[in-house]
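Dear colleague,

Please find the structure below, handed over for your records.

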Amino acid sequence: MKKLFFGCIKRLRIGILIIVALLMVLPLWFIITGSFMGTGEFQSNFQPVLDNTTGKVSWPLLPVYPTLRSYVELLLDSPKFFVVFWNSCKQVFPSLLGQLMIAVPAAWSFARFKFRWKKALFTLYIILMVMPYQVTMVSTYLVLDRLNILDSHLSIILPAAFSTFPVFIMFKFFKSIPESLIEAARIDGAGEWRIFWNIGIPIGSVGILSALILDFLELWNAMEQPLNFLKTKSLWPLTLYLPGISTDKAGITLVASVIMLSPALLLFLYGQKYLEQGIMVSGLNE
Amino acid sequence: MIHRLRELLHSEYGKVLSGNKKVKKTSLSRVAGKILMIFFVIMLLFTILSRAIESITVARVEVDNPRRDILTHTLMGTGQIAMAEEEAMNILPDYHIDKVYVSAGEAVSTKTILYQYRVEDLQNKYNSINNEIKKIHNQIEIAVDQFASPASLLSLQQAKDNLSVARAKLSEVQADYEGFLQENKKQPLGEKNAEFNIDLEGKLEAVKAAKEAVRIAEQAVETSNLQYNISKQGDTDKIKSINKSNKITELTIQGYRLDLREKEKELKNVNTLLNTSGKVTSPFKGIISHISLVEGKTTMGDELIKIGVGYYVLKGEFVSKQAVNVEIGSKVKITIAGGPEDKISTKVSKLRINEKGSPELVAVLPSGKYRMGEGAQFKIMTQSERYDQCIPIQALHESGKNEYYVLVTREHEDILGKILIATRVKVDIIGKSDSMVAVKEGALSQKDDVITDSSKYINDGDKVRIS
Amino acid sequence: MNQTKTAWAFLAPSFLGVIIFVLLPFGDVFRRSFSETITGRYVGLDNYNTVVHNEAFKQAVYNTTRFIITCVPLLLVLSLILSVMIFNLGKHKDLFKTSFLIPMAIPVSSAVFLWKVVFHQNGLLNALLSKFGIEGCDWLNTKAFPVLVFTYIWKNLGYDMVLWLAGLNGISSSLYEAAGVDGANSWNKFWYITLPGLFTTVFIVTVLSILNTFKVFREAYLIAGPYPSDDSIYMLQHLFNNWFTSLDIQKMCAAAIIVAFVVVTVIMILQQVDKKIGGEE
């Protein structure tokens, strides 16, 4: 009896998990398959929503007439789309690079050294990490204005590069490196930089990568900063461009969505392990 | 030291890895990683591809804005250099041209000898004219005699007397004529020369004149008779008819007198010619524009010598449709074929229809050396009024009969930015020149970019970009 | 002692950036919150007064708080249940984990269109409901709050789940074994071992979840614009954004200080509680 009961619960459990998992994944499926809809099908399916006419929308699991037409239209006929795409890239990758160069040493410092105000400083970093963007929005804007980098890619890159979030994540990883290893190296006469470079980074690479992936997802999604700091539409990244597609060009909406989510999704699949590590680590306390 | 470090590293690394930080790369993640790389490469590729496609497919156009302008019309044509006036010379008919000294195009002055008549002819002419003059004199005399004035009425008797005198004269002259003939009959035929003919003719004329005189005398008698009767009866009608016949006589006399004058004139001319031994000099200074005398031929009287006098002009034919706003005073620019490079600037002095029926303009050339008949090109640029909206003529397209349109670039907000679409706009033409067209206001604005040229054929609705 | 120098050397770039981009300007913001718009005259707490009595601010605070209080516990519970289910699964663990984390990887902008279509008056949800005879409504315009809650949970379920998993990992399995021997059933195990063991995790998860609620602004903004027709989703972020667009600097500064103050306080409190619990343990 017990076994049966457990068996039922187990099935139920799996059932629920499957349903939830489907719920999670279904939107992705819809987006990807929807991108293969031809204009006609797209219009007829979504017209009730697009034009606010009566009738119900339909979104078939698979398009009835799959076509690459929207892909052609977006990828081949609209060179301006790529401007937006590379804008996102121009904003995200330099930010990540900046974070690498700035946050990694900082995390190392917090993790391995003792110094005055360390606790206070670290608490400050946590506060900053948690603080919603809107609070520092004004101050950041003023600084950027003074530096005259408003309305340029730098206005996004610089603040992002100094983010304290990766510091936090990497801190945990660096912390876990056995002290004995470091000591041994010190005895051997290795300088701090050497230790950092040859031991810290390789071993902590998991942490670095997880921070990078988490940050990539965050930056790739960034909306508030470009909205506020970039006036010229030609500098806008994908996040701002995508929702602005009007009804007559709606056919390429989904294709653009697919394009936008591809690097994020691919990166996620590639580095899921790192991602999980990163999330986990941020959850564990000292 | 580094070596040891590395060893340490490897061992510790292994330890750490085997700890709870297992990061195994699943095949999914490997694939995902590869695809990620490829993804960015593909995006790069498509970026380039789409740009390439756009540069090929999207037409590049040149645009212009409509602006206020004055339409200039150009009238071009070719003409000939001629003289302002042309004088024609009278050629006497029935003369033999011995020699022609000039040809068309030659400049002549009042001293230049143009041609030469045969002197003998002139002489003969002189004589005959003389005779004629004499004849006329006779006739006049006779006619005068025959006047019947109502006031001084010739008595019937007197008229009868005159008649018999006239008759007597007639017989006299006839006798003279007969006698002349008789005389000359003795001479051989071959030697009948001109003089003889002239004399003979003279005699015949005399006879004719005498006969005429008789007739007039007879008439006079009749008139007198009538008048006599009338004066007896006092009939006004009859008086009128008498007056009428008097008038006729008077007119006849006048006619004679006119003839006389002409003949005298002609005589004078011939005399002059004789004095110059038949050579005719040009009465004008100018350039022979036309001479149709032929040496050795006898003139008919319809030959022409035309001499262009005055200043040089350009005479050019044109098509009146093209000559918009051309008027007297319009500036003309002339290039002479084979002449100096510089264009001659002058003004139109005359507009008319020439002998051929085509419109022709005349422009005075500034003083200088020119060659008659030389070809030249003229160009007149006239300006119309100021129009508010003018566009280059290349921008104009025809859509039907007298319906025109232009293509204007209009901005469309695409989510990807602004794109330009060629849009058709109907226009009404209110003025046209060779290079510009004036359109009626309302269709276009000053800010509109009108497409004047495109790298390839474009239609309404095509995407374009401004090169 | 030598360490200090090296420590600072490593920390320098980051800290410099923090000073320049955060601390100094924040100080400036602090100063500005006490001064008048144009003249810069010191006006004391005037701005704060204005802000606190501002209708929009009150509404935003109300909505934001409401949202957090609604969502976070809901999310925590749901994700906890899921994580417990997965934790013991073993076989397809990874597959499920991946699928749960996918929503995190999908950029907001990509999903926005989808949400629009689903929650529109004529959208998919209503279409589905009508099949069951239930009449739908204009979710986006009238029931925007639940919609946003849904998108928030959808996106962060996986994230929180992983956090819980980490926490669960931290509980040593020997405890479970011992309890099993003692005759405890699953529910007991859960109530007496799992939950207490997760205490420490709870705070972090809570903090991070709250952090993520702020990001919901993105979905809200992209779907409904800066002034959503459904008031209930008008949150602090909207307020800030709109004030920013209208260059209401003074008000923004005061509001920013207020919010910052609240956030710092909350964190401090949490830290203290965390310490205490950790100490008790």
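Helices (H or I, at least four residues) and strands (E, at least two) are taken here as DSSP runs, numbered from the N terminus. On that basis chain B holds six helices and 19 strands. This is a predicted model, in which local features need pLDDT of at least 70, side-chain atom pairs count only at pLDDT 80 or more, and totals for chains, interfaces and linings use all residues. Residues are numbered from 1 along each chain as its sequence is written, while chains are lettered from A and ligands numbered from 1 in the order in which they are written.

Chains B and C

A residue is called buried if 20 or more other C-beta atoms lie within 10 Å of its own, exposed if 12 or fewer do, and partly exposed in between, the C-beta atoms being placed from the backbone. Of the 467 residues in chain B, 23% are buried. Two residues are in contact if their C-beta atoms, placed from the backbone, lie within 7 Å. Among the contacts in chain B with a separation of 6 or more, 76% are between residues 24 or more positions apart.

Chain C has 14 helices and zero strands. Of its 281 residues, 41% count as buried. Residues 24 or more positions apart supply 71% of the contacts in chain C with a separation of 6 or more.

The interface of chains A and C

In this interface, 78 residues of chain C are in contact with 73 residues of chain A. Helix α1 (residues 2-32) of chain C gives the largest share of the chain C side, 18 residues. For the classes, Ala, Val, Leu, Ile, Met, Phe, Trp, Tyr, Cys and Pro count as nonpolar, Asp, Glu, Lys and Arg as charged, and the others, Gly among them, as polar. The side of chain C that touches chain A comprises 56 nonpolar, 19 polar and three charged residues.

Nonpolar cores

A nonpolar core is a set of buried Ala, Val, Leu, Ile, Met, Phe, Trp, Tyr and Cys residues joined through C-beta atoms within 7 Å. The largest one has 175 residues, and those with the most contacts inside it are A:A107, A:V167, A:M170, A:F171, A:I213, A:A264 and C:A105. Its largest share, 15 residues, comes from helix α14 (residues 251-270) of chain A. Leaving aside neighbours within four places in sequence, C:A105 is in contact with A:L217, A:A264, A:L265 and A:F268. Another core, of 37 residues, lies apart from it and includes B:L122, B:L273, B:F284 and B:A363.

Axes are lines fitted to C-alpha atoms, for helices over the stretch in contact, and angles run from 0 to 180 degrees between N-to-C directions. Angles under 35 degrees count as roughly parallel, over 145 as roughly antiparallel, 65 to 115 as roughly perpendicular and the rest as oblique.

Helix α8 (residues 144-170) of chain C packs against helix α12 (residues 216-224) of chain C at an angle of about 130 degrees, with the axes 10 Å apart. α8(C) is therefore oblique to α12(C). The contact involves C:A144, C:L148, C:T151 and C:Y152 of α8(C), together with C:V216, C:E219, C:A220 and C:A224 of α12(C). By class, these are six nonpolar, one polar and one charged residues.

α8(C) also packs against helix α11 (residues 199-214) of chain C, at an angle of about 160 degrees and with the axes 10 Å apart. α8(C) is therefore roughly antiparallel to α11(C). Their contact divides into six nonpolar, six polar and one charged residues.

Individual residues

C:V51 is found in helix α2 (residues 46-53) of chain C. C:V51 is buried because 26 other C-beta atoms lie within 10 Å. C:V51 and C:K251 are 200 residues apart in sequence, yet 6.1 Å apart in space, C-alpha to C-alpha.

C:G183, with a positive phi near 95 degrees, follows α9(C).

Two residues other than glycine also deserve mention. A:D151 has a positive phi near 60 degrees and lies in the loop between α6 (133-146) and α7 (154-161) of chain A. B:S277 has a positive phi of about 50 degrees and is found in the loop between α6 (236-275) and β6 (279-281) of chain B. B:S277 is exposed, because it has 11 other C-beta atoms within 10 Å.

With kind regards
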